[in-house]
Amino acid sequence: MTEPATRTAVAGGQRLTYLVKRLEMAERSRMEEVLRPLGMSLQQYTALSLLEHRGGLSSAQLARRHYVTPQAMHLLVTAMERDGLIARRVDGENRRILRAWLTERGEEALVACHRAVDDVEGRMIAALGDDEATSFARALERCLAALAEPREGRIPPATTPS
């Protein structure tokens, strides 16, 4: 077996994408554990966090930012509205669009959730020094930016057997 042509394998021979996925799955599992006693799902927490940073998103916008289908987001938004975590108001320019905003109850729930998630993140980066944690965050941001735009018309070169 030959060495990969790119820097995708790291120590131990594992692909970087595999390590990222394992980290995401472990982080997701721990977040679900700490959110459950607060009566919050990870999906709710993510949606509320998105609204905290940018209130007034439509269900379609939330779905795109949350990486779920519009139908799944509609169910989530309906449940959060029913539970008093968000309120929806008609858009001023397009009356068919409902914009979601955090309610006071949603803001309070989010504060408690942030505390629980802070503990998970603290546990995750405890093995890193401050400089390593900062470098890790910056590296992740650069990786996300690199994948943000599709590379149209670019086909990877074919490998020829030796």
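Trainee: Which residues is L48 in contact with, leaving aside its neighbours within four places in sequence?
Mentor: With those neighbours set aside, L48 is in contact with M40, M80, L85, I86, L102 and L110. Keep in mind that this is a predicted model.

Trainee: Noted. Which residues have the most contacts inside the largest nonpolar core?
Mentor: M40, Y45, L48, M80 and I86 have the most contacts inside that core, which has 24 residues.

Trainee: And which elements give two or more residues to this core?
Mentor: Helix 1 (16–35), helix 2 (42–53), helix 3 (59–66), helix 4 (70–82), strand 3 (98–102) and helix 5 (104–125) each give two or more. As a general point, nonpolar side chains in soluble globular proteins tend to be buried together.

Trainee: Back up a bit. What does the secondary structure of the chain come to?
Mentor: Six helices and three strands. Read from the N terminus, the order is α-α-β-α-α-β-β-α-α.

Trainee: How many residues are in the chain, and what percentage of them is buried?
Mentor: The chain has 162 residues, and 23% of them are buried. Of the contacts between residues at least 6 apart in sequence, 44% join residues at least 24 apart.

Trainee: Let's take I86. Where is it found?
Mentor: I86 sits in strand 2. I86 has a relative accessible area of 2%, so it counts as buried.

Trainee: What is I86 in contact with, neighbours within four places left aside?
Mentor: The list is L48, L51, V77, M80, E81, A100, W101, L102 and T103.

Trainee: Changing topic to helix 4. Which of its residues are buried?
Mentor: M73, L76, V77, A79 and M80 are the buried residues of helix 4. They lie on the same side of the helix, because they cover an arc of only 165 degrees around its axis.

Trainee: Why would residues a few places apart point the same way?
Mentor: An α-helix has 3.6 residues a turn, so residues three or four places apart point the same way.

Trainee: What is exposed on the other side of helix 4?
Mentor: Q71, L75 and R82 are exposed there. The buried residues of helix 4 pack against helix 2, helix 3 and strand 2 (86–90).

Trainee: How many residues does helix 4 have, and what does it reach from its first C-alpha to its last?
Mentor: Helix 4 has 13 residues and reaches 18 Å, close to the 18 Å expected at 1.5 Å a residue. Just after helix 4, G84 has a positive phi of about 80 degrees.

Trainee: Which value of phi does Y67 have?
Mentor: Phi of Y67 is near 60 degrees, a positive value in a residue that is not glycine. In general, most residues other than glycine have a negative phi. Y67 is in the loop between helix 3 and helix 4, and at 77% relative accessibility Y67 counts as exposed.

Trainee: Now helix 2. Is S49 buried or exposed?
Mentor: S49 is in helix 2 and is buried, with a relative accessible area of 13%. S49 touches L110 and H114, not counting residues up to four places away in sequence. T46 is also placed in helix 2, but T46 counts as partly exposed at 28% relative accessibility.

Trainee: Last topic, the largest pocket. Which residues lie nearest its centre?
Mentor: V20, L23, E24, L140 and L144 lie nearest the centre, out of 41 residues that line the pocket. Helix 1, helix 2, helix 3, helix 5 and helix 6 (130–148) each give two or more residues to the lining. The space in the pocket is about 2200 Å³.

Trainee: And what is the count of buried residues in helix 6?
Mentor: One among its 19 residues, so helix 6 is hardly covered. The end C-alpha atoms of helix 6 are 27 Å apart, which agrees with the 27 Å that 19 residues should span at 1.5 Å a residue.

Technical notes: Residues are numbered from 1 along each chain as its sequence is written. This is a predicted model: local features need pLDDT of at least 70, side-chain atom pairs count only at pLDDT 80 or more; totals for chains, interfaces and linings use all residues. Side-chain values use heavy atoms; hydrogens and water are left out. A nonpolar core is a set of buried Ala, Val, Leu, Ile, Met, Phe, Trp, Tyr and Cys residues joined through side-chain atoms within 4.5 Å. Buried means under 20% relative accessible area, exposed over 50%, partly exposed in between (1.4 Å probe, protein chains only). Helices (H or I, at least four residues) and strands (E, at least two) are DSSP runs, numbered from the N terminus. Contact means heavy atoms within 4.5 Å. The expected span of a helix is 1.5 Å times one less than its number of residues. The arc is that of the directions from the helix axis to the C-beta atoms. On a 1 Å grid over the protein atoms alone, a cavity is a set of points where a 1.4 Å probe fits but cannot get out, and a pocket is an open set with protein on both sides within 12 Å along at least five of seven lines; lining residues have an atom within 4 Å of a point. Grid points are joined across faces, edges and corners, and a volume is the space filled by probe spheres set on the points.
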